[in-house]
Amino acid sequence: MSAIKDKDLKYNLHSWSAQGKLDPIVVTKAEGIYFWDEDGKKYADMSSQLVNSNLGHGDKAIVDAIIEQAQKIPFMGPAFAMDCRSDAAEAVVKISGFPEGSKVFFTNAGAEANENAIKIARQYTGKWKIFSQYRCYHGSSAGAGMLTGEPRHFFNEPGGPGFVKYDGPYAYRAPKACKFENEDDVADFYLELLENQILYEGPEQIAAIWLESVVGSNGVLIAPKKWYQGVRALCDKYEILMVADEVMAGWFRTGKAFAYMNF
Ligand SMILES: Cc1ncc(COP(=O)(O)O)c(C=O)c1O
């Protein structure tokens with residue numbers, strides 16, 4: 001075993017892993033879509049790490065911009081205004097498709113974005129229940145971990161109250177009795193289930209319905225177009241906020257700036 005791997009396994013706790021079974025590749029160089037291990041073997045990074053290194057490894061323009069800003073002002077607290085923060089926020093609003101007057105709240109990670117969205121949804125609506133799908137991942141912090149529907153949320157249980165799970169549209173795992181002719185049938189079936197659940201849980205209690213615009217780490221599941229439009233309509237009907245988690249699907253990964261724009 002190499003000295004780097006030895007030290008890694010001795011001191012680093014790896015997320016979502018049985019620690020005793022780990023055998024990490026020791027990476028010593030990364031450039032563009034490639035990275036290399038310590039024996040010089042070259043890999044094409046087909047997932048851009050955690051689907052987050054969109055622009056590849058070590059892009060010169062990005063590295064130069066980071067250096068330039070770090071040399072100028074590396075940090076200013078949220079009470080202050082700065083050119084780069086305003087420019088970045090303006091750029092996000094301009095590509096988001098949201099109306100003028102929309103604002104950006106920068107966070108350190110996806111989970112933290114969801115934590116804040118939960119608080120905003122509850123404070124804005126005065127309601128407290130939050131719907132999210134079983135097949136989804138929204139992060140692993142206290143609130144985002146309760147939004148997460150797949151088994152990784154077990155580590156957050158029992159967690160805070162108000163997190164309700166619904167079944168997203170996934171024809172492949174649909175109940176055996178379902179006979180779908182087309183994608184619209186799939187959407188109709190799951191929208192009916194969702195509306196029933198909204199009524200059972202009480203629309204006057206539900207602050208928001210969460211979805212990943214494209215379900216990412218739970219299978220890359222693209223829902224029928226009618227599904228998204230149907231969720232939007234249910235949200236309008238029952239005065240519920242619709243929250244699109246674009247942490248994995250956004251930022252041009254589906255071709256459009258944000259994945260919800262496809263639907
Ligand atoms: C859809 C989605 N939301 C949220 C998160 C959490 O993001 P982070 O790991 O930056 O907290 C992830 C992470 O993979 C994600 O895929």
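Which element gives the largest share of the lining of the largest pocket? It is H5, which supplies eight residues of that lining. Before I go further, please keep in mind that this is a predicted model, in which local features need pLDDT of at least 70 and side-chain atom pairs count only at pLDDT 80 or more, whereas totals for chains, interfaces and linings use all residues. Residues are numbered from 1 along each chain as its sequence is written, and side-chain values use heavy atoms, with hydrogens and water left out.

As for the terms, a pocket here is an open set of points on a 1 Å grid over the protein atoms alone, where a 1.4 Å probe fits and protein lies on both sides within 12 Å along at least five of seven lines, and lining residues have an atom within 4 Å of a point. Grid points are joined across faces, edges and corners, and a volume is the space filled by probe spheres set on the points. Helices (H or I, at least four residues) and strands (E, at least two) are DSSP runs numbered from the N terminus.

The largest pocket, then, holds about 1,500 Å³ of space, and among its 35 lining residues Phe98, Lys103, Ala117, Val243 and Ala244 lie nearest its centre. At least two lining residues come from each of helix H4 (83–96), helix H5 (110–125), helix H8 (225–238) and strand E7 (241–245). By class the lining has 23 nonpolar, eight polar and four charged residues, where Ala, Val, Leu, Ile, Met, Phe, Trp, Tyr, Cys and Pro count as nonpolar, Asp, Glu, Lys and Arg as charged, and the others, Gly among them, as polar.

The second largest pocket has a volume of about 1,200 Å³, and of the 31 residues that line it, Leu50, Val51, Asn52, Val247 and Arg253 are the closest to its centre. Its lining divides into 16 nonpolar, eleven polar and four charged residues, and the largest share, five residues, comes from H3.

The centres of the two domains, taken over C-alpha atoms, are 31 Å apart, and the contact (heavy atoms within 4.5 Å) takes five residues from domain 1 and seven residues from domain 2. The buried area, meaning the accessible area (1.4 Å probe) that the two parts lose on being put together, summed over both, is about 500 Å², with carbon and sulfur atoms giving 60% of it. On the side of domain 1, Trp16, Val51 and Asn54 supply 95% of the area buried against domain 2.

Across that interface the rule finds zero salt bridges, a salt bridge being a side-chain nitrogen of Lys or Arg within 4 Å of a carboxyl oxygen of Asp or Glu, although the count by this rule comes to nine.

Finally, two backbone details: the peptide bond from Glu157 to Pro158 is cis, with omega near 10 degrees, and Gln49, in helix H2, has a positive phi near 55 degrees.

Methods:
Domain bounds come from an automatic or database domain assignment.
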